[in-house]
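Hi,

Here is the structure we discussed. Please have it open while you read; my notes follow.

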Amino acid sequence: MDERYEEWVGAVRAGRFDRAWQISDALLHERAARGGSKHDGPRAQQQIWRGEPFDGARVLLRCYHGLGDTIQFIRFAPQLRARARELIVWCQPELLDLIAGVRGVDRVLPLHDGAPNVAYDVDVESMELPHALRVADDVGRAVPYLRAGIEPHGGREDEVHVGIVWQAGDWGQTRSAPLDALAPLTQVPGVRLHALHPGAVTGGLPIGDLSTARIDRLAARMRGLDLIVSVDTMAAHLAGALGLR
C-alpha cells in the first residue's frame with residue numbers, strides 16, 4: 001500500500017484535515033500531469049475531479065460507489081451548491097426520490113451504464129467532495145439532511161420498537177450476525193424487533209417484518225421506530241442521514 005495513503009488515513013482519523021488535503025493535492029497534481037481520460041476503467045476506481053473551480057459552474061455530481069456512500073456523501077450538497085450555479089446529481093435510481101429532497105440539489109438523474117445526457121461545466125465523484133470542498137472537522141455534520149415521511153410500525157405504543165439489520169450485503173458477508181444471536185433480544189420485556197432487510201429469515205423468532213425494496217419507504221419506516229441497529233452500512237448511513245438513533 002502507498003505510504004501516502006496510510007498517512008492520509010491517519011491524518012483523517014486524527015482530524016488533521018489540512019494534512020490530508022495536502023496529500024490529496026499532491027496526488028491530484030500527479031494525475032493531471034499524466035493526462036489521459038478520467039472516465040476509463042471501472043467507475044468505482046475513477047478519479048473524476050481535476051481541481052476545476054465550482055464557482056458559478058453547472059456541476060455534475062457522479063455517484064459511482066455504493067448506495068450507502070451516496071447517502072453518506074450527499075451531505076455536502078449544500079456546501080457545493082453554495083458555490084455552483086446548478087447542481088445536478090447522477091445517482092442510483094433507488095435513491096432518486098430521497099436525493100431530490102436534499103437541500104442544494106437542483107436536479108437528479110438516474111445513473112446508468114452510458115454517459116450522462118446533460119450539459120455541465122465541472123464533474124466530480126461524490127466521494128471526492130470532502131477534498132474538493134476542503135472539508136474541515138465541523139463541516140457536513142448537520143442532520144437530518146434527508147427527508148422522509150413517517151410510516152407507523154403498527155405495534156404496541158408501550159413497547160420499544162427496534163429496527164434491525166443482521167444480514168450484510170453480498171460483498172461483506174463477514175459482517176452478518178447469526179440468527180441465533182438475536183434470540184435473547186426477542187425475550188427482552190417491552191422490546192419488539194423488526195427486520196428491515198428484504199428476504200429476512202427469522203427462523204420462527206418473534207421478529208416483525210418492516211422490510212421493503214424501496215429505500216424511500218424504508219426511510220419512512222425507520223422514522224417510525226425508536227432505535228436502529230444495523231450491520232449493513234447502507235441502512236446505518238440512511239438512519240444517520242435521517243437523524244435517527
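Predicted model: local features only at pLDDT ≥ 70, side-chain atom pairs only at ≥ 80, totals over all residues.

H2 itself covers residues 17–34. At 1.5 Å a residue, its 18 residues should span 26 Å, and the end C-alpha atoms are 26 Å apart, so expectation and model agree. Its buried residues are Phe-17, Ala-20, Trp-21, Ile-23, Ser-24, Leu-28 and Arg-31. Viewed down the axis of H2, they fall within an arc of 155°, so they line one face of the helix. An α-helix has 3.6 residues a turn, so residues three or four places apart point the same way. The face turned away from the buried side carries the exposed residues Asp-18, His-29 and Ala-33. What do the buried residues of H2 pack against? Helix H1 (3–13) and helix H6 (129–132).

Ring pairs link Tyr-5, Trp-8, Phe-17 and Trp-21 into a cluster. The count for the model is six aromatic pairs. One of them is Trp-8 with Trp-21, a tilted pair at 6.4 Å centre to centre and 55° between the planes. Trp-8 lies in H1 and Trp-21 in H2, so the pair ties together parts that are 13 residues apart in sequence. Trp-8 is partly exposed at 26% relative accessibility, while Trp-21 is buried at 5%. Phe-73 and Phe-76 form another tilted pair, 6.3 Å centre to centre with 40° between the planes. Phe-73 is buried at 12% relative accessible area. Phe-76 is buried as well, at 6%.

Now the core. The largest nonpolar core has 50 residues. Phe-54, Ile-74, Val-89, Leu-146, Met-222 and Leu-238 touch the most other members. Helix H8 (residues 233–241) gives the largest share, five residues. Leu-238 touches Ile-71, Leu-98, Leu-146, Ile-215, Leu-218, Ala-219 and Met-222, leaving aside residues up to four places away in sequence. A second, separate core has eight residues, including Ile-164, Leu-182, Leu-193 and Ala-195.

Last, the sheet. Four strands form an open sheet, ordered S7-S6-S5-S8, with parallel pairing. S7 (208–209) and S8 (227–230) stand at the edges with a single partner strand each, so one side of each is left without a neighbour in the sheet. Five bridges join S5 (residues 160–165) to S6 (residues 191–195). Val-162 stands opposite Leu-193 in S6.

Best wishes

Note on methods: Residues numbered from 1 in each chain as written. Heavy atoms only, no water. Core = buried A, V, L, I, M, F, W, Y, C linked by side-chain atoms within 4.5 Å. Buried < 20%, exposed > 50% of the residue type's maximum accessible area, 1.4 Å probe, protein only. Helix = DSSP H or I, 4+ residues; strand = E, 2+ residues; numbered from the N terminus. Contact = heavy atoms within 4.5 Å. Expected span 1.5 Å × (residues − 1). Arc of directions from axis to C-beta. Pairing = 2+ DSSP bridges. Phe/Tyr/Trp six-rings, centres within 6.5 Å; stacked < 30°, edge-to-face > 60°.
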